[in-house]
Amino acid sequence: MSDQNSIAGRLVDGFWHHNPGLVQLLGLCPLLAVTSTFVNGLGLGLATLVVLTMSNVLVSATRRWIRSEIRIPMYVLIIASLVTCIELIFKAGFPALDRSLGIFIPLIVTNCAIVARAEVFASRNSVASSLLDGLAMGGGFALLLCALGFVRELVGHGSVFARLDLLIGGDVLNGLQLLDGGFLLALLPPGAFFALGLAVAGKNAIDQRRREAAGFRLSI
Amino acid sequence: MQSGLILATVAAICTTLVALTFNMTRDRIAANEQAFLEQSLARVLSGISFNNDLSASALVVRVPHGLPGRENAIVYRVLNDSAPVAALFVITATDGFTGPIKLLIGIDYDGAVTGVRALEHKETPGIGALIDENRSDWIYQFAGTSLNAPERSAWAIRRDGGEIDQLTGASVTSRAIVNAVNQTLLYFEANRDDIFTAREDSGNADE
């Protein structure tokens, strides 16, 4: 773990060293299922970021009253309410994106990355600290969703940033069509596993190279 | 005891929050759903002009009905100055490759298809999913077809000896849609007058 106390250190932690998707491998169900395009990944990533940050803040703010024997039902209540609100807001504000993400918005409730942060971090730290943790961890997760969506869309459809209008409104935006058609496997479920596996391997390779450059030896 | 009180308080607060959000978004959500429906409905009409309230014209056709699908079908009656000009069918083709395919089929008063759209389906991405209008033009080929064009005997995909193009690698999906459109055309031919004379309260649009 990098420097726990600096803001930058905490952000680096969430985005890289302890990225919920890339390192802790939490929340894989939505991560694998919706990342067939960039805009889907971005939409679900933002929704997860908001829920994670707000649940961290709420859990942290109420941590004095949360007794250990009722903490799980409390987390579930808080997270489920937040997700329901987010779902309603999505349906009202971004109906097309809501149709495209479908069941995965309500399923944010079951994203174990959120309960994990509530249990491990927010229930023991100050509100400000938990807010930062939510932003860092949620941001790391969202960034991974976007990256996987970007790669799978590029390889599978041959396009980049297609249908961003689902999120920002306005006319249909078809993005950049770089290739005609694409490699279908990338869009199918196995493509999600390949993409995630390559991302994890890439991250580990970069870490290892850095460690070697710094003169450390891997203990394992 | 105290734990129970805390839990109950938090539950009450959370429920209030959800209820408030629901109240704030309810109208927007209903309007969005209505807009989406009307947008899809008007798009399959290929520019036929009409001036009735489509959602109020819905007629539920209960099973068994002779239309594709094992669920109740919905028919929207399209009128222009009270004269029938077209009908829009929301039906389900049950024999898709990976589950049912919900289709919206527009048929004008003379029995020609004005357009077909896939509303919901789970077909294979990149193969059967090309039935989506924003993924390929395949679904547009139905506009202008009728029971006489192509000939009744040629109402099948080319692979089965018919005259309708199939999606490469997705014969099952293509066949399911061709059959569903054909069956809907036959139903319209046999029941056209009943559809337009049926009273609106004989159906229940809430279903």
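Trainee: Let's start with Asp81(B): is it buried or exposed?
Mentor: Quick ground rules: this is a predicted model, where local features need pLDDT of at least 70 and side-chain atom pairs count only at pLDDT 80 or more, while totals for chains, interfaces and linings use all residues. Residues are numbered from 1 along each chain as its sequence is written, chains are lettered from A, and ligands are numbered from 1, in the order in which they are written. A residue is buried if 20 or more other C-beta atoms (placed from the backbone) lie within 10 Å of its own, exposed if 12 or fewer, and partly exposed in between. Asp81(B) has 9 other C-beta atoms within 10 Å, so it is exposed.

Trainee: And what is the phi of Asp81(B)?
Mentor: Asp81(B) sits in the loop between strand 2 and strand 3 of chain B; helices (H or I, at least four residues) and strands (E, at least two) are DSSP runs, numbered from the N terminus. Those two strands form a hairpin with 2 residues between them, and Asp81(B) is in the turn. Asp81(B) isn't a glycine, yet its phi is positive, near 50°.

Trainee: How many bridges join strand 2 to strand 3 of chain B?
Mentor: Two strands pair if DSSP finds at least two bridges between them. One bridge here links Asn80(B) with its partner Ala83(B) in strand 3. The strands run antiparallel, and the number of bridges is 7.

Trainee: Which residue of strand 2 stands opposite Leu59(B)?
Mentor: Strand 1 (residues 58–61) and strand 2 (residues 73–80) of chain B are antiparallel, paired over 4 bridges. In strand 2, the residue facing Leu59(B) is Val75(B).

Trainee: In the hairpin of strand 4 and strand 5 of chain B, which residue takes a positive phi near 90°?
Mentor: These strands are antiparallel too, with 6 bridges, and Ile105(B) is bridged to Val116(B) in strand 5. There are 4 residues between the strands, and the one with that phi is Gly111(B).

Trainee: Is Glu123(B) buried or exposed?
Mentor: Glu123(B) lies in the loop between strand 5 and helix 2 of chain B. Beyond its neighbours within four places in sequence, its contacts include Gly96(B), Phe97(B) and Thr173(B), where contact means C-beta atoms, placed from the backbone, within 7 Å. Since Glu123(B) has 23 C-beta neighbours inside 10 Å, it counts as buried.

Trainee: What about Asp160(B), how many C-beta neighbours has it inside 10 Å?
Mentor: Asp160(B) is also in the loop between strand 5 and helix 2 of chain B. It counts as partly exposed because its number of C-beta neighbours inside 10 Å is 15.

Trainee: Where is the kink in helix 2 of chain B centred?
Mentor: Helix 2 spans residues 171–197 and reaches 38 Å from first C-alpha to last, close to the expected 39 Å; the expected span is 1.5 Å times one less than the number of residues. The bend at a residue is the angle between axes fitted to the seven residues ending there and the seven starting there. The kink is about 75°, centred on Asn191(B).

Trainee: What is the omega of the peptide bond from Val63(B) to Pro64(B)?
Mentor: Pro64(B) is in the loop between strand 1 and strand 2 of chain B. The bond is cis, with omega near -5°.

Trainee: How many residues of helix 3 of chain A are buried?
Mentor: Helix 3 of chain A reaches 34 Å from its first C-alpha to its last. It is mostly covered: of its 24 residues, the number buried is 20.

Trainee: How many nonpolar residues are on the side of chain B that touches chain A?
Mentor: The contact takes 17 residues from chain B and 20 residues from chain A. Ala, Val, Leu, Ile, Met, Phe, Trp, Tyr, Cys and Pro count as nonpolar, Asp, Glu, Lys and Arg as charged, and the others, Gly among them, as polar. On chain B's side, 5 are polar, 1 is charged, and the nonpolar count is 11.

Conventions: Two residues are in contact if their C-beta atoms, placed from the backbone, lie within 7 Å.
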